[in-house]
2 protein chains.
Amino acid sequence: MASDHTRSAILAAAERLYADRGFGDVTLRDIVAEAGVNLAAVNYHFGSKDELIAELFVTRSVQTNRERLRELKAAEEEGGGRAPIEVILRALVGPTLRGCLGPENQRSTAARFMIRASIESVPPIRRIKNREIDHLRKFVGAMRRALPERSDVDIYWGLNFALAMAHHTIRESERLTKLSEGKCDLDDVEDVVARVVSVATMALTAGKAEAKAPARALARDAR
Amino acid sequence: MASDHTRSAILAAAERLYADRGFGDVTLRDIVAEAGVNLAAVNYHFGSKDELIAELFVTRSVQTNRERLRELKAAEEEGGGRAPIEVILRALVGPTLRGCLGPENQRSTAARFMIRASIESVPPIRRIKNREIDHLRKFVGAMRRALPERSDVDIYWGLNFALAMAHHTIRESERLTKLSEGKCDLDDVEDVVARVVSVATMALTAGKAEAKAPARALARDAR
DNA sequence: TTGCAATTCAAACGCTTGTATGAAACTATC
DNA sequence: GATAGTTTCATACAAGCGTTTGAATTGCAA
């Protein structure tokens, strides 16, 4: 089994290069040069380039998913099997946003890699994302419990919009910064989380009893 | 100038192939075979592969942008220089959604091409999207006029979330259908538009006077 | 130390890609 | 109907890619 040195050097180099330059123009030769290993090592240890990318993405996304479920479970246990919708939504989008946003200079390689994965979406990554549905169903279940009078259709749309706001904000963070001339502070991650959760909560609760508080205001003072 | 036959045959074939199989695995040789023209014709008429892709995307996106601005202008003129926020948002997301969603079997090649462009985002397309900011500023202006008491930051976030919901729904329409086991009807485009507009309106008006109507209901019967 | 499996290595393979070339075939003008 | 300009064509090019090969090296167990 040796020391795994070569294997992890490849993983680290690949993640760094993909994060910096995207999947499109990073070749295996770039990766092995950065890692200081032989070209054939990639195929020896991973089988193929796609499997290398897949392993990188799987590693990072199970981390995020685990964090999501941890928050969800904690919230539901605290509430005796039923968590408030805001907290569920926060468990859904919080880990992703925290993992990908934040001050650029202190953004981890992993974070930058996941942003790339979100923007470019190469085949091996897409294949993995398609298997994420079971994971999302757990959130659907929790949301149903939190909003028993809401129709399934509304639940699905609410979930879709929550993910939409989180992922799009990550993907287009640069554009939003430019459009707003810096007025939208994407480094204040908790403010972003609060905004997304607030809007998603409104989407899910509008029309019945109206969200307890204006929701925005209460989420706001994290700032 | 001849008949332009070759040029447009290439454009049509390229759009069709990209729409069907994505940018990743369509080569120039595939395109010229489909178009029934010579390989060198692409470089003769377009200069390079990237310029061909760029021309395809520019053509389609100026169509969408023109439609957006037409709706926006009509609404503002009708309201004497100030349109209701719902109508502005509808002008923003309506054309895109109508252009990309709808029953799959009657979805135009152009629509499927734009969905691909939204998912895969190759370099020449990304370059063009980055120049879209000026276009968005016109909507920022309209939104400011509609909601003069709202801060710029809130306006930008509202715009961001509206685009997020529209684009993400397009990108992930397949996943949403699968997750909801068909309960979310993505072929009912006007319902999707109404949902996005409704949520975005709430996001932009929450905390002050509360959106006049549940917004959803009134937008609903467009169908 | 010997033997064996795991790992590393340089080199090459085979294929595909976008692009360039220069001759041939048109088209229209005078 | 010769001429000039445009467009098409077969073909080749050069580069880059992921992958494979088989020999060399290493590390560990007997």
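Trainee: How far does a polar side-chain atom of A:Lys49 lie from a phosphate oxygen of DNA strand D?

Mentor: This is a predicted model, in which local features need pLDDT of at least 70 and side-chain atom pairs count only at pLDDT 80 or more, whereas totals for chains, interfaces and linings use all residues. Residues are numbered from 1 along each chain as its sequence is written, chains are lettered from A and ligands numbered from 1 in the order in which they are written, and side-chain values use heavy atoms, with hydrogens and water left out. Between the polar side-chain atom of A:Lys49 and the phosphate oxygen of DNA strand D, the distance is 2.6 Å.

Trainee: Which side chain of chain B has an N or O atom 2.2 Å from a phosphate oxygen of DNA strand D?

Mentor: Chain B places an N or O atom of the B:His45 side chain 2.7 Å from a phosphate oxygen of DNA strand D. At 2.2 Å from a phosphate oxygen of DNA strand D, the side chain is that of B:Thr6.

Trainee: Which element gives the most to the surface near DNA strand D?

Mentor: Helices here are DSSP runs (H or I, at least four residues; strands are E runs of at least two), numbered from the N terminus. Two or more residues of this surface come from each of helix H2 (28-35) and helix H3 (40-46) of chain A, and from helix H3 (40-46) of chain B. With three residues, the element that gives the most is H3(B).

Trainee: How many residues surround DNA strand D?

Mentor: A residue is near a strand if one of its heavy atoms lies within 4 Å of it. The closest to DNA strand D are A:Thr27, A:Leu39, A:Lys49, B:Thr6 and B:His45. The surface divides into six nonpolar, six polar and three charged residues, where Ala, Val, Leu, Ile, Met, Phe, Trp, Tyr, Cys and Pro count as nonpolar, Asp, Glu, Lys and Arg as charged, and the others, Gly among them, as polar. The number surrounding DNA strand D is 15.

Trainee: What percentage of the atoms of DNA strand C within 4 Å of the protein belongs to sugar or phosphate?

Mentor: For DNA strand D, the sugar or phosphate share of such atoms is 50%, with the rest in bases. For DNA strand C, bases again make up the rest. The sugar or phosphate share for DNA strand C is 53%.

Trainee: Which residue has a polar side-chain atom 3.2 Å from a base nitrogen of DNA strand C?

Mentor: Two side chains approach phosphate oxygens of DNA strand C through an N or O atom, A:His45 at 2.7 Å and B:Lys49 at 2.5 Å. The approach to a base nitrogen at 3.2 Å is made by A:Asn38.

Trainee: What is the helix content of residues 27-46 of chain A?

Mentor: UniProt places the feature "DNA-binding region" there, in an unreviewed entry; its positions are given in the numbering used here, feature names are shortened, and annotations may be inferred rather than shown by experiment. The end C-alpha atoms of the span lie 15 Å apart, and strand accounts for 0%. The helix content is 75%.

Trainee: How much area do chain B and chain A bury between them?

Mentor: Buried area is the accessible area (1.4 Å probe) that two parts lose on being put together, summed over both. Carbon and sulfur atoms carry 64% of it in this interface. Of the area that chain B buries against chain A, B:Trp157, B:Arg175 and B:Leu179 supply 17%, more than any other three residues. The area buried between the two chains is about 4,400 Å².

Trainee: How many residues of chain B are in contact with chain A?

Mentor: Contact means heavy atoms within 4.5 Å. On the chain A side, 45 residues take part. On the chain B side, the number is also 45.

Trainee: How many salt bridges are there between chain B and chain A?

Mentor: A salt bridge is a side-chain nitrogen of Lys or Arg within 4 Å of a carboxyl oxygen of Asp or Glu. B:Arg195 forms one with A:Asp154, with the closest N and O atoms 3.1 Å apart. Over all chains the count comes to 44. Between chain B and chain A it is eight.

Trainee: How many residues apart are A:Arg60 and A:Glu15?

Mentor: Their side chains meet in a salt bridge, N to O at 2.6 Å. This pair links distant parts of the chain, A:Arg60 being in helix H4 (residues 49-78) and A:Glu15 in helix H1 (residues 5-21) of chain A.

Methods: A polar contact is a pair of N or O atoms within 3.5 Å; within protein, one must be able to donate a hydrogen and the other to accept it, and residues adjacent in sequence count only if both atoms are side-chain atoms.
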